[in-house]
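Thanks for coming, everyone. Please bring the structure up on your screens, and I will walk you through a few places in it.

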Amino acid sequence: MGFKGKIALITGSGRGLGKAMALTLAKHGCSIIINDRGEGNEEALQTVKEIRGMGATAEYLSADVSDFESCKKLAEAVRGKFERVDILINNAGITKDRTLKKMAPEEWYPVINVNLNSMYNVTHNLLELIPDGGRIINISSVVAFLGNFGQTNYAATKAGIIGFTKSLAKELGKRKITVNAVAPGFIKTPMTDQIPVEMLDTILQLIPLREMGGSEDIAEAVLFLASDGAKYITGTALRVDGGLSF
Ligand code: NAD
């Protein structure tokens with residue numbers, strides 16, 4: 001797929017979907033920059049170890065994606081160690097669910113900062129390190145299209161990511177940099193393992209494919225959008241949700 005020698009940076013990739021993306025891109029020959037919060041982040045260091053164990057190059061560069069100055073430092077570190085980023089994946093995200101009536105500023109603002117302001121903080125600072133023909137992939141969610149009870153904050157960010165993606169795709173098209181979003185549906189992760197069985201049954205009835213996705217389903221979609229084969233796809237939001245949102 002032409003990934004040999006490519007450098008990929010995935011935000012929030014110490015665990016979860018970001019880690020799955022990192023392992024998949026590494027398997028196909030990419031050098032990987034793992035980003036997450038906190039210098040001694042055990043999960044992130046473990047992910048680096050696993051990738052190196054596969055014989056690929058990996059480095060952990062910590063940064064808080066909700067903080068502009070932190071992302072500026074991240075870009076400086078990337079410039080010093082790798083010089084460029086061919087594939088940027090804006091994946092870091094959090095939830096703080098509450099109905100709007102009860103939602104406190106401590107639940108609204110951090111979600112906007114980590115999920116949406118990070119798009120500006122990370123992409124703005126790294127943009128000059130992305131060569132012509134590069135790839136930017138932003139992780140949205142099915143809730144961008146459907147909304148979700150108790151997630152006004154989260155859904156607003158995930159819908160915002162799609163507007164950001166489409167606008168940036170128009171700005172960077174002349175440099176052949178593609179900008180796309182991936183919108184995962186219900187994916188089996190430690191987070192979704194906590195959904196009560198009865199509720200899970202109801203959710204599964206709404207999914208035409210009648211099952212939850214795996215992290216590998218998201219990683220494979222990202223791999224495709226990052227590949228040479230996706231060079232004529234930009235400004236799209238690829239739904240990986242078993243049909244839940246169409
Ligand atoms: P996760 O909580 O397992 O992983 C998120 C990672 O981001 C963690 O390692 C966390 O430390 C990191 N992170 C959080 N805040 C950060 C910050 N300020 N700076 C840097 N890193 C930070 O979550 P996940 O399920 O792997 O989700 C990954 C992305 O996929 C998120 O954007 C999420 O909204 C989206 N998503 C997930 C699902 C799902 O079912 N899991 C569905 C739709 C969308």
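**A walk through the model**

Let's start with Asn125, which sits in helix α4, residues 105-126. Helices here are DSSP runs of H or I with at least four residues, strands are runs of E with at least two, and both are numbered from the N terminus. A word on the source: this is a predicted model, where local features need pLDDT of at least 70, side-chain atom pairs count only at pLDDT 80 or more, and totals for chains, interfaces and linings use all residues. Residues are numbered from 1 along each chain as its sequence is written, and side-chain values use heavy atoms, with hydrogens and water left out.

Back to Asn125. Is Asn125 buried or exposed? Asn125 is buried, with a relative accessible area of 13%. Buried means under 20% relative accessible area, exposed means over 50%, and partly exposed is in between, with a 1.4 Å probe and protein chains only. The Asn125 side chain reaches the backbone oxygen of Asn121 at 2.8 Å. Not counting residues up to four places away in sequence, Asn125 touches Phe68, Cys71, Lys72, Ala75 and Tyr120. Contact means heavy atoms within 4.5 Å.

Next, Thr157. Find Thr157 in helix α6, residues 152-172. Thr157 is buried, and its relative accessible area is 0%. Its side chain makes a polar contact of 3.3 Å with the side chain of Asn115. A polar contact is a pair of N or O atoms within 3.5 Å; within protein, one must be able to donate a hydrogen and the other to accept it, and residues adjacent in sequence count only if both atoms are side-chain atoms. Leaving aside neighbours within four places in sequence, Thr157 is in contact with Val111, Ile112, Asn115 and Leu116.

Now a whole helix. Helix α8, residues 215-226, has 12 residues. From first C-alpha to last, α8 reaches 17 Å, close to the 16 Å expected at 1.5 Å a residue. That expected span is 1.5 Å times one less than the number of residues. Which residues of α8 are buried? They are Ile218, Ala219, Ala221, Val222, Leu223, Leu225 and Ala226. Their cover includes α1 (16-27), β4 (87-90), β5 (135-139), β6 (178-184) and β7 (237-240).

On to pockets. A pocket is an open set of points on a 1 Å grid over the protein atoms alone, where a 1.4 Å probe fits, with protein on both sides within 12 Å along at least five of seven lines; lining residues have an atom within 4 Å of a point. The largest pocket holds about 1500 Å³ of space. Its lining has 48 residues, and Thr95, Tyr154, Thr189, Met191 and Thr192 lie nearest its centre. Which helix gives the most to this lining? That is α7, with 4 residues.

The second largest pocket has a volume of about 160 Å³. Its lining includes Arg135, Lys176 and Tyr232.

Stay with Lys176. Lys176 lies in the loop between α6 and β6. Its phi is near 60°, a positive value in a residue other than glycine. Lys176 is exposed, with a relative accessible area of 62%.

Last stop, Arg210. Look in the loop between α7 and α8. Arg210 has a positive phi of about 55°, although it is not a glycine. Arg210 is partly exposed, at 47% relative accessible area.

How values were computed
Grid points are joined across faces, edges and corners, and a volume is the space filled by probe spheres set on the points.
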